[in-house]
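Here's a protein model to explore.

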Amino acid sequence: MSSPNEFGSGKRSMVEPLLIRLRDLVLLVIGLEKGAVIEAFIRLHEKGLIYQGSYMVNWSPSLQTAVSDLEVEYSEEPGTLYHIKYRVAGSNDFLTVATTRPETLFGDVAIAVNPKDDRYAKYIGMMAIVPMTYGRHVPILSDKHVDKEFGTGVLKISPGHDHSDYLLARKLGLPILNVMNKDGTLNDVAGLYCGLDRFEARKKLWSELEETGLAVKKVPHTLRVPRSQRGGEVIEPLVSKQWFVTMEPLAEKALRAVEKGELTIMPERFEKIYNHWLSNIKDWCISRQLWWGHRIPVWYIVGKDCEEEYIVARDADEALEKAREKYGKNVEVYQDPDVLDTWFSSALWPFSTLGWPDVSTEDFKKFYPTTMLETGHDILFFWVARMVMMGIEFTGTVPFSYVYLHGLIRDSQGRKMSKTLGNVIDPLDTIKEFGTDALRFTLALGTAGQDLNLSTERLTSNKAFTNKLWNAGKFVLQNLPSQSDTSAWETILAYKFDKEESLHGAPLPESWLVSKLHMLIDTVTASYEKFFFGEVGRETYDFFWSDYADWYIEASKARLYHSGRDSEALLAQAVLLYVFENILKLLHPFMPFVTEELWQALPRQKEALIVSSWPQTSLPRNLNSIKRFENLQALTRAIRNARAEYSVEPARRISASIVANEDVIQYISKEKEVLALLSRLDLQHIHFTESPPGDANQSVHLVASEGLEAYLPLADMVDISAEVQRLSKRLSKMRSEYEGLVARLSSPKFIEKAPEDVVRGVQEKAAEAEEKINLTKNRLAFLQSTVLVTK
């Protein structure tokens, strides 16, 4: 068998046809989607839900396109608050305005103050002169929304370049004045500043304001800067002619779907976020000024006002035909150059890919609606909510019953991956180093809705898990009978672990492992049904690594190599195979490649793992066996810990007296070979008794669990005299270190001058040292008493 990181090598000939089919499918879907997108636009327009108008949008000067509200990211950045004098017309007074964007003053249409601000009450109703505009006058207004505490309490209103100012201007009936071109340079309204980039204009304007005495001061100020999610540049609020979708009636239906339980969002906390966004939704700007995308199916009439006269049609021929009917045969039309927002077509994905608007297609009838959508929580609004709204609008049905939101993948420090930080993890490089299954398993262990920090440590650990699974498979295969041994295979296949009698009649380790497996299947199946995928992975991981690999595989060696009884060996082989097959089934959704490779390497497999049946639930389990084997495990751990404490060589076999009541002794003694193998005991010198042995005072006494104890002869474990000398030296050194710590703590200067955390650290070290001294003294006293008894 190859290594687990070599799966799939040498299979290029199988992959190429799949890629060709995938390409053809993509082309087909694109064709289907184009028709669906046009149909959706037309239907929404016919219902009056799509309209055209000039409104404030987020403009990307670099990309030369409008950007969705959801594609604008705000960041806290250091900036400046500029204080500028505005002369009050007809007087020698000035009003000082504080602004973060002085270059927009060319677009000022008013000055506003709070009506309750006594500083400025006398100026309300007067006019102010906008600096550097050759004396342009604007009214001084009052509005209760002006913050008296921000800046100077005087607000400049530039409705062409600020969302809040835009809404205020529309409420007050003020004009909209745009001073900026689409590329971020100032236009003719800015006079001598025309053609300057917005940031260059800011510097030049401030310099000239200082020269004319109209600049008061600059104050450092933290800004909430809107940046494009795509390019990172600063977004410019601009009034622009765009196409919009009226969202309120669509959002109402999407809200009701969650309210009625037709749609469940997981984790549940995201329902509140979903509801809040839909309850406060704004109309959606769906037009983009890009070269690539679905063209807006609108045609304009040459020579007519494009805002008043336009035709919505499915193609150019239909548009021309409609235009001729209305304007005559000599009419000329041209299509809107804009394209639709990518999320408009994406919102139609659940049904546009299935043949919609033809709802009679087999794909649509079979696959719509689906059960669950799994996606990242960061596109709950971009995509999920829009798919829900469009699905209900065009099909009358919610497109899916459940939405499972996974977290984002971040770097090991929890930072978002970016080229700027240089922390992008290339999945291809990761797969090359750790394997596809290790990466997939690492990601799948994430908790719903929580971001996952992808670290080398996680990947290394799960690569080790993949290798552990691989090596367990090798162990199983190497210890199964030959394919030609018909008699052995008949015996193995005759074991029916789904039958009560087969399980209860099995020896303790086998009954324990199969019972634990059947419990795991129930737990994992329930977790899958609840979409607790991380729990599935962790529970299966723990069972495989601990119960199967660390305990049963090791215990099975007593059957396979040491028992000399064929029946026990065959049973162990049957259990190894049965449990391993089910582990592969449970892990297959997480680790498809290694599990499929191992599955197909197992003998007598007639079908691929991917199409095999899921394990049955509610299979029998022997709870008494589980409790009894846990006692055997506790005893084994206690003996192993004692060996480690006394530094017993791994190859050294020691004697043991196991003390318990008759019932416990009966089932523990039956697994004497397993206990000896796991605990490295001398099989010929393991004694089972109901009372302590005669040499108990010369033995290490272990309490494994209530009613189960062990006595290990000290002479079997260490050279007592040498150990007494070693511990005496160690105790002397520990006392010296402890006295040094106590001396520091006794010094008033140290207590007064040292930082609190340093003092606390020394106190903790002293307490720890004292505890170690007491433990060492007790152990030394025990060894010395043993020496005396021996003499």
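## Ground rules

This is a predicted model, where local features need pLDDT of at least 70, side-chain atom pairs count only at pLDDT 80 or more, and totals for chains, interfaces and linings use all residues. Residues are numbered from 1 along each chain as its sequence is written, and side-chain values use heavy atoms, leaving out hydrogens and water.

## The whole chain

The protein chain holds 26 helices and 25 strands (DSSP runs numbered from the N terminus: H or I of at least four residues for helices, E of at least two for strands). Its radius of gyration, taken over C-alpha atoms, is 39 Å, well over the 28 Å that the globule rule gives for 791 residues, so the chain is more spread out than a compact globule. That rule is 2.2 Å times the number of residues to the power 0.38. Along its principal axes, the C-alpha trace spans about 115 × 85 × 45 Å.

How much of the chain counts as buried? The share is 47% of the 791 residues, with buried meaning under 20% relative accessible area (1.4 Å probe, protein chains only).

## Zooming in on β19

Strand β19 (residues 400–406) pairs in the parallel sense with β11 (residues 264–266) over three bridges; pairing takes at least two DSSP bridges. I265 has V403 in β19 as its bridge partner.

Strand β18 (residues 370–376) also runs parallel to β19, joined by six bridges. Here T375 is partnered with L405 of β19.

How values were computed
Buried < 20%, exposed > 50% of the residue type's maximum accessible area, 1.4 Å probe, protein only.
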